[in-house]
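The following exercises concern the structure shown below. Each task is followed by a solution in steps.

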Amino acid sequence: MLFRSIGIDLGGTKIEGIVLGDDGAERVRRRIATPAGNYAAILHSITGLVERIAAEGGAARDTPLGVAIPGAISPATGLVKNANLTTLIGHPLDRDLAAASGRSVRVANDANCFALSEAVDGAGAGHRVVFGVIVGTGTGGGIAVDGKVLTGPNAVAG
């Protein structure tokens, strides 16, 4: 079986992981608590969850990892900024997770991920512009235009 990806939704109170098959179907989903105030513990928790769900779902070592965060990676510095999970701010989360997991890693804003998902195969499918809002531990918005996320020059367009 081929695998499309492993996904992590990192929030202020929980980390949720999923393994998707090549057909887009969910293979495994698990949730753990987000460690409070400790960047190294967050990295350890994410990589541990990724290894657990990859093993449960039969995903290969080269299955890529996508991570949705309540913030953004600065185009200028490559470091997390504007995160309501303030422990992440100023860290190169994508590079640190790649080193810790041995996987190809992409990190994006959670509201942008939500808006894009709805635009591609959710409630907004078939619409040119989709705007999504997340209200949880923090609040954020994402905009997808013609099936692509609108990030703006500072990665905070939504």
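Two strands are said to pair if DSSP finds at least two bridges between them; helices (H or I, at least four residues) and strands (E, at least two) are DSSP runs, numbered from the N terminus. The model is predicted, and local features need pLDDT of at least 70, side-chain atom pairs count only at pLDDT 80 or more, while totals for chains, interfaces and linings use all residues. Residues are numbered from 1 along each chain as its sequence is written, and side-chain values use heavy atoms, with hydrogens and water left out.

**Exercise 1. Describe the pairing of strand 4 and state whether its residues are buried or exposed.**

Step 1. Strand 4 runs parallel to strand 7 (residues 105–109), and five bridges join them.

Step 2. Within this pair, Ala68 faces Ala108 of strand 7.

Step 3. Accessibility is classed as buried under 20% relative accessible area, exposed over 50%, and partly exposed in between (1.4 Å probe, protein chains only). In strand 4 (residues 65–69), four of the five residues are buried, so the strand is largely enclosed by the rest of the structure.

**Exercise 2. Determine the strand order of the open sheet that has three strands, and identify what packs on it.**

Step 1. The order is 8-9-10, with antiparallel pairing. Strand 8 and strand 10 (148–149) are the edges: each has a single partner strand, so one side of each lacks a neighbour in the sheet.

Step 2. Seven bridges connect strand 8 with strand 9 (residues 139–145) in the antiparallel sense. Ile134 is placed opposite Gly140 of strand 9.

Step 3. Helix 3 packs on this sheet and touches strand 8, strand 9 and strand 10; its direction makes about 40 degrees with that of strand 9. Here a contact means heavy atoms within 4.5 Å, and axes are lines fitted to C-alpha atoms, for helices over the stretch in contact, with angles running from 0 to 180 degrees between N-to-C directions.

Step 4. Asn112 belongs to helix 3 (residues 110–121). This residue is buried at a relative accessible area of 8%. Residues up to four places away in sequence aside, Asn112 touches Gly141, Gly142, Ile143, Val149, Leu150 and Thr151.

Step 5. In the loop between strand 9 and strand 10 lies Asp146, which has a positive phi of about 55 degrees although it is not a glycine.

**Exercise 3. Locate Val133 and find the surface patch to which it contributes.**

Step 1. Val133 is part of strand 8 (residues 129–135). With 43% relative accessibility, Val133 is partly exposed.

Step 2. Together with Phe131 and Val135, Val133 forms a nonpolar surface patch with about 320 Å² of accessible area in total.

Step 3. Areas come from the Shrake-Rupley method with a 1.4 Å probe, and for residues only the protein chains shown count as cover.

**Exercise 4. Which residues does the salt-bridge network around Glu16 join, and where do its partners lie?**

Step 1. A salt bridge is a side-chain nitrogen of Lys or Arg within 4 Å of a carboxyl oxygen of Asp or Glu. By this rule the count is 10 salt bridges.

Step 2. Glu16 and Arg29 form one of them, at 3.0 Å from N to O. Glu16 is in strand 2 (residues 14–21) and Arg29 in strand 3 (residues 26–33), 13 residues apart. Glu16 is buried at 15%, whereas Arg29 is partly exposed at 39%.

Step 3. Arg31 also bridges to Glu16, at 2.9 Å from N to O. Arg31 is in strand 3 and Glu16 in strand 2, so this pair ties together parts 15 residues apart in sequence. Arg31 is exposed, at 54%.

Step 4. A further salt bridge joins Arg103 and Glu51 at 3.8 Å, N to O. Arg103 lies in the loop between helix 2 and strand 7 and Glu51 in helix 1, so the pair ties together parts 52 residues apart in sequence. Arg103 is buried at 6%, and Glu51 is partly exposed at 33%.

Step 5. Through shared partners, salt bridges join Glu16, Glu26, Arg29 and Arg31 into one network.

Key. Patch = residues over 30% accessible without salt bridge, like charges linked within 9 Å, V, L, I, M, F, W, Y side chains within 5 Å.
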